[in-house]
Each structure stands twice: as C-alpha cells, then as structure tokens.
Amino acid sequence: MTGIVDTVKGLVRGSTDVLTKIEALEDAAAAGQGRLDPVVLSEASQIVDRASQRLRMSGDLTVVALAGATGSGKSSLFNALTGLDLAAIGTRRPTSSMPLACVWGEEPAGELLNWLGIPRRHQVSHRSSLEDALSEDLDGLVLLDLPDHDSTEVEHRLIVDRLVELVDVLVWVVDPQKYADAALHNRYIKPFASHSSVMVFALNHADKLTDEQRKSCVGDLTRLLKSDGLKSPSIVATSAVSGTGPGRPAHAAGQAGQRQARGA
C-alpha cells in the first residue's frame, strides 16, 4: 500500500493558495456583473460561497474520499489504509449506503463532517483505532469511503455526486476489468478533468495481475485518462488483499506530491 499512502501524503502536505484564488474569483464575478452570462456568474458565486464555508470550518483538515464502482474494492482498501474492519462496526454502517468517515489526529472534525452530511454514527475518530494505520504525520486527514457511484439506488449516486464537489482529494478506486467504464469517465472524470491535480487513481486487485498485465492496464488507463483531458494522471497499483502495493505510484506520483490539496 506504499504507493497510495505516499501519494496521499504528498497531496495532504501540499501548500495552497486557495484564498488568493477565491478572492480573485470573487473580484472577477463582481466585475462581470452586467457583462457576463448570469448563469456563469451564479456558478462563480456558488463556488466562492462553498469554498469560503469550507475554509471557515478548518483549514487544517484535509478530506480524502475513496470513490468507485460496485466491486472495485474501495471499502476493502479503506480497511487496509485505516486498519479498521467494517464488519466489526456493522451497527454503524451495515451497508455502503452512506459514507463512512475516519479521522486522524486530535483536530475537531465534527462541524466539517456535519457540513459534508456524514451522520455521527458513521464517523470513526478514536485515535486508538488507527495506531497501526498510516503514520502520525497524516494527522488532520479525514478519509471517506463513499457509496458506489454506479449503485442501482438513486440516493447513493446523489450522495456521490454531492461529495465529489466538496472533498479536497479524490481517490478513484478502479478494477482492472472495469476501469474503462463509460459511466465513470463521462459522469465524473471528464467533467472534473481540470481538477486532476487533486485526483488519484488506484488500480486495485493488482495482486491478481502479472507484472506484464499490470503495466498494460496502467498504460491503457493512462491513455484513457489523457483522452479525458488529464494531462498527467497519477495512477497507483494497489492490493487491498495483501495490504501492500506492488510498487510506488505507477505514474506521475512525484508530480502529484507537489500539487495543491485544496487548490482546485
């Protein structure tokens, strides 16, 4: 699991000039009154309001979401990254119908999680539960396990649609057999291509692939993501079963480590 942990660390540590960007967008929207499309101005105002609300809650917390399709293994990856066993907290979350949040460190995250719409019973914040998980320098990380984006339940998809616009970093967990799924690329990847600096793609179940197959999958996924508009996609091969990654980020991890966690 080294690859994905190192990539997330880099994004969490990234500096941000988001305040400057928010102020610039606000000034541009004000200057555009009566000159620009009202729809565009309304969208700009919504972005400014949402970003301002987020920063008022806590600029020291970074929300990272694991998102993926049914069977991608994102919940198993969540277990491996946190050291938690979802089966042991079934009363909190018997199904994947609601996000589950796990918080590192002592920074209060209740207000932020409420803003994200995560019920208290789906929040795990006890430091003792994470002693064997990621290193202490990830204090301030809030990791979410989202519902399946391709769920047959409309409510589940709506939750994903809402949260992908609110979290700081997105980790798309994909399966070697379904990473080309049109629903993922058309609904989420292409529309958010301009935010590629805060997206990571975890090619899960990599333990089932030979080295040659893994390289082939990474290469093909890279090609697809570039065609979606991502200039330098960050891809990590992972295995939730073994708990270790076959290597460091398969592509562009060094660049991702220098990018902003909240600058999108």
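**Figure 1. Lys74, Asp145 and Asp148 form a network of salt bridges in this predicted model.** A salt bridge is defined as a side-chain nitrogen of Lys or Arg within 4 Å of a carboxyl oxygen of Asp or Glu. The structure holds five such salt bridges. In one of them, the side chains of Lys74 and Asp145 meet at 3.7 Å, N to O. This pair links distant parts of the chain, with Lys74 in helix H4 (residues 74-82) and Asp145 in strand S4 (residues 141-145), 71 residues apart. Helices (H or I, at least four residues) and strands (E, at least two) are DSSP runs, numbered from the N terminus. The side chains of Asp148 and Lys74 also meet in a salt bridge, at 3.1 Å, N to O. Asp148 lies in the loop between S4 and helix H6 (154-163) and Lys74 in helix H4, so this pair ties together parts that are 74 residues apart in sequence. Residues count as buried under 20% relative accessible area, as exposed over 50%, and as partly exposed in between (1.4 Å probe, protein chains only). Lys74 is buried, with a relative accessible area of 3%, and Asp145 is buried at 0%. Asp148 is buried as well.

**Figure 2. A salt bridge joins Asp220 and Arg223 within helix H8 (residues 211-227).** The side chains of Asp220 and Arg223 meet at 2.6 Å, N to O. The two residues are three apart in the helix and therefore separated by about one helical turn. Asp220 is partly exposed, with a relative accessible area of 24%, and Arg223 is partly exposed at 48%.

**Figure 3. Glu23, Glu26, Asp27 and Asp49 gather in a patch of negative charge on the surface.** Such a patch is made of residues with over 30% relative accessible area and no salt bridge, like charges being joined within 9 Å. Asp and Glu count as negative, and the place of the charge is taken as CG of Asp or CD of Glu. Accessible areas come from the Shrake-Rupley method with a 1.4 Å probe. Helix H2 (residues 18-31) supplies the largest share of the patch, three residues. Glu23 lies in this helix and is partly exposed, with a relative accessible area of 48%.

**Figure 4. Seven strands form an open sheet of mixed pairing.** The strand order is S3-S2-S4-S1-S5-S6-S7. Strand S3 (123-124) and strand S7 (234-237) stand at the edges with a single partner strand each, so one side of each is left without a neighbour in the sheet. Two strands are taken to pair if DSSP finds at least two bridges between them. Strand S5 (residues 169-174) and strand S6 (residues 199-203) run parallel and are joined by five bridges. Val171 stands opposite Val200 in S6.

**Figure 5. His205 has a positive phi although it is not a glycine.** The phi angle of His205 is about 60 degrees. His205 is placed in the loop between S6 and H8 and counts as buried, at 16% relative accessibility.

**Notes to all views.** Residues are numbered from 1 along each chain as its sequence is written, and side-chain values use heavy atoms, with hydrogens and water left out. In this predicted model, local features need pLDDT of at least 70 and side-chain atom pairs count only at pLDDT 80 or more, whereas totals for chains, interfaces and linings use all residues.

Terms used
Patch = residues over 30% accessible without salt bridge, like charges linked within 9 Å, V, L, I, M, F, W, Y side chains within 5 Å.
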